[in-house]
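Here is a short tour of one protein model. Keep the sequence and the 3D view open as you read.

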Amino acid sequence: MNLIKLLTRRMSPPKTAAVLFAATAITGFAQTNAPVSIKIQADKITATMPPTFYGLMTEEINFSYEGGLYGELIRNRTFKADAIQQKLKPDAYDSTKYYPPKYPASAAPKFWNTVGGATLVLDADTPLNDALNVSLKVDAAAASKTSPAGVANGGYWGIPLEPKTAYQVSFFAKAAPGFTGPLTASIEGTNGKVLASAVISGVTGDWRKFEATLKTKSLQPSKDNVFKITTTAPGTIWLQEVSLFPPTYKSRPNGDRKDISQLLADARPKFLRFPGGNYVEGNDFVNRFNWKQMIGPVGQRPGHQSCWGYWSTDGFGLPEFLGWCQDIGMEPVMAVFAGYTLNRDHVTNSAALEPYVQEALEEIEYVTGDASTKWGAQRVKDGYPKPFPLHYVEIGNEDMFDRSGSYEWRFAQFYDAIKAKYPQIKIISTTAVQSRTADVNDEHYYESEEAMEGQSFMYDTRDRAKPTKVFVGEWATRVGSPTPSMAGALGDAAWMCCMERNSDIVLMHCFAPLFVNVSKVSGNNRSMQWESDLIGYDALTSYGSPSYYAQKMFSPHEGDEVLATSAQNLPVRTAPAGRGGGSRQIKSLFYSATRDSASGKITVKIVNSADAPQPVTIDISGVKSVAAKGKATVLKAANRTETNSIKDPRHLVPVTEKVKDLGASFTRTFPPCSITVLELEAR
Ligand code: AHR
């Protein structure tokens with residue numbers, strides 16, 4: 001785990017201050033006697049909404065890909081979770097080399113169990129190839145017709161099964177002389193009942209890939225199942241890259257989970273910031289995000305130790321990020337490794353940085369180049385014939401933690417090289433720089449509800465003359481675990497109003513973290529490293545938090561023009577003051593107004609974070625007319641601690657209703673703890 005940042009900044013303690021405050025919050029009633037009104041000047045456009053305003057941020061954390069979005073159901077499929085890696089300082093590390101790990105002697109791999117009388121050993125002397133330099137040796141000498149022997153894998157807290165569904169199993173295998181086979185691949189329920197199986201013959205003394213389909217019949221969807229490879233013939237076999245895939249989103253090979261992908265598609269994000277956060281840095285140079293080791297056939301990707309404490313096979317690598325973009329209709333916003341890792345190692349001079357700069361240029365070519373370019377051709381080979389649009393490249397992540405000051409010159413070197421070759425690409429810095437003018441700077445905000453609402457007018461007063469624009473590349477109201485409660489959604493919606501109103505300077509934003517596997521949220525080997533994540537799931541099902549629904553309400557309703565707004569007599573509420581205790585008055589009503597220039601439709605977003613209903617008069621000037629009938633979509637809760645969960649996934653969801661009595665001036669009462677999107681037909 002990223003200890004440096006953990007110590008430097010409050011990350012994911014079991015209970016953040018924000019969570020504690022929420023539990024004991026003195027969330028007062030709206031306090032105002034004067035009539036509250038919001039004026040919208042429809043003839044005054046303050047910003048053109050950037051086309052890629054709402055997006056997603058992603059990194060391997062909380063089992064986001066493996067054990068999350070990535071369809072793979074087998075945990076530790078390459079048997080490298082026990083890898084013992086070399087520790088190398090940047091000066092000793094060659095960026096073009098792969099440093100193969102070693103493995104503990106005579107150990108069975110993590111997450112694999114024996115079946116029958118088999119014994120399991122990690123075998124570094126029988127590798128599949130240089131990348132997968134270990135295999136699982138299964139000694140099944142005791143196997144017999146009445147007592148099959150082999151291996152079992154319980155997946156990521158279960159192997160999910162749906163009725164009448166085809167699962168694709170594949171693995172590499174070889175056998176010691178004398179083994180006659182066959183092997184049986186099966187999925188069994190908790191009671192040992194075989195729910196799907198296939199017989200696989202032809203295992204010889206040479207490595208070969210085997211594939212089969214496991215089909216279920218009618219059954220109850222379940223996740224407490226186990227995958228097995230067994231034999232009734234005595235002998236010794238070796239296995240590598242044992243894989244099991246369910247049907248994937250848009251049927252993409254090596255693709256993504258359908259339910260989670262659908263949740264994302266429904267929120268209509270426009271970009272994907274990848275590989276976001278700490279994941280691009282890595283804990284040390286050997287475990288940095290090394291994209292060249294994350295392309296090509298998955299069986300030739302070595303994998304690495306991800307910075308949140310678990311092994312990543314990198315089956316979800318650079319091509320898969322692009323496939324994700326393609327399937328959801330997002331544009332990539334790509335971060336490149338910038339010569340600094342979470343343990344605070346960094347290159348010390350520009351010659352040592354140059355290989356990483358060249359790597360970044362090649363990575364851009366991989367994404368954007370056509371088939372005539374070296375790396376564009378590799379992308380085509382990896383299954384993506386068309387180049388991807390790439391307007392933004394981010395240099396590193398949170399480099400304010402690099403106390404050596406090296407970011408200044410590291411950024412400059414990347415900036416100059418990328419601008420020289422790709423002048424159209426906008427460069428994102430991760431902290432302030434002096435010697436170059438970054439096109440955009442990435443600001444991160446992880447806050448309590450009160451802090452988020454308290455800062456939700458901050459961009460209104462930002463200096464417009466600054467040439468560097470803002471990318472809020474990570475933000476979240478951190479209230480609720482594993483996923484945010486309604487309090488989180490209220491803070492988020494207030495903050496999104498702020499960013500929308502100020503989208504002349506805030507070009508893009510994305511909530512973080514996006515995903516959490518909620519199967520085991522505490523204790524050893526937990527599935528969660530960071531609380532308050534947007535979307536939760538276990539092996540079988542997934543759900544959106546109230547914060548997810550706030551995003552889903554805002555994102556498709558952005559319009560393309562931001563209208564001038566002002567408020568009179570904004571109400572306040574009493575809220576906890578912060579870590580020092582006490583209370584303070586903070587605003588309890590937040591708003592933004594946008595218009596779709598093609599249809600003239602005006603969308604007004606109103607957040608009432610008080611525990612009391614709030615009447616608000618909305619006056620719209622600069623339009624010929626506003627129809628009396630419109631639409632309101634409302635997300636509300638009886639109190640701010642209400643939430644969704646894996647067991648109660650749709651406890652809080654937005655409800656859309658037809659409304660009447662609208663017009664150029666109307667008064668509407670907004671429910672307590674609510675987020676409302678009003679759609680007005682204006683001309
Ligand atoms: O989103 C969780 C982490 O928070 C990210 O990895 C990092 O960028 C930030 O510190």
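Is Cys673 buried or exposed? Cys673 is buried, with a relative accessible area of 1%. Buried means under 20% relative accessible area, exposed means over 50%, and partly exposed lies in between, using a 1.4 Å probe and protein chains only. Cys673 sits in the loop between β34 (665-670) and β35 (674-680). Its phi is positive, about 45°, although Cys673 is not a glycine.

The model is predicted: local features need pLDDT of at least 70, side-chain atom pairs count only at pLDDT 80 or more, and totals for chains, interfaces and linings use all residues. Residues are numbered from 1 along each chain as its sequence is written, and side-chain values use heavy atoms, leaving out hydrogens and water.

**Around the ligand**

| Residue | Distance from a side-chain N or O atom to a ligand oxygen |
|---|---|
| Glu59 | 2.6 Å |
| Glu474 | 2.8 Å |
| Asn397 | 3.0 Å |

Taken alone, the ligand exposes 280 Å², and the protein buries 100% of that. Such areas come from the Shrake-Rupley method with a 1.4 Å probe; for residues, only the protein chains shown count as cover.

**Cores and a buried helix**

Nonpolar side chains tend to be buried together in soluble globular proteins. A nonpolar core is a set of buried Ala, Val, Leu, Ile, Met, Phe, Trp, Tyr and Cys residues joined through side-chain atoms within 4.5 Å. The largest one has 151 residues. Trp324, Ile395, Tyr459, Ile618 and Ile675 touch the most other members. Helix α11 (residues 486-501) gives the most to this core, with ten residues. A second, separate core has 45 residues, including Val203, Ala233, Leu239 and Leu244.

Helices (H or I, at least four residues) and strands (E, at least two) are DSSP runs, numbered from the N terminus. Why is helix α6 (residues 318-328) largely enclosed by the rest of the structure? Ten of its eleven residues are buried. Among them are Leu318, Phe321, Trp324 and Ile328. Leaving aside neighbours within four places in sequence, Trp324 is in contact (heavy atoms within 4.5 Å) with residues including Leu56, Tyr65, Phe316 and Phe515. Just after α6, Gly329 takes a positive phi of about 80°.

**Backbone details in loops**

A cis peptide bond joins Gly181 and Pro182, with omega about 0°. Pro182 lies in the loop between β8 (166-175) and β9 (183-188). The bond from Phe274 to Pro275 is also cis, with omega near -20°. Pro275 is in the loop between β14 (271-274) and α5 (278-281). Arg268 is not a glycine, yet has a positive phi of about 50°.

Finally, look at Ser435, in the loop between β19 (426-429) and β20 (440-447). Ser435 counts as partly exposed, at 43% relative accessibility. Not counting residues up to four places away in sequence, Ser435 touches Glu408 and Ala412.

Methods
A polar contact is a pair of N or O atoms within 3.5 Å; within protein, one must be able to donate a hydrogen and the other to accept it, and residues adjacent in sequence count only if both atoms are side-chain atoms.
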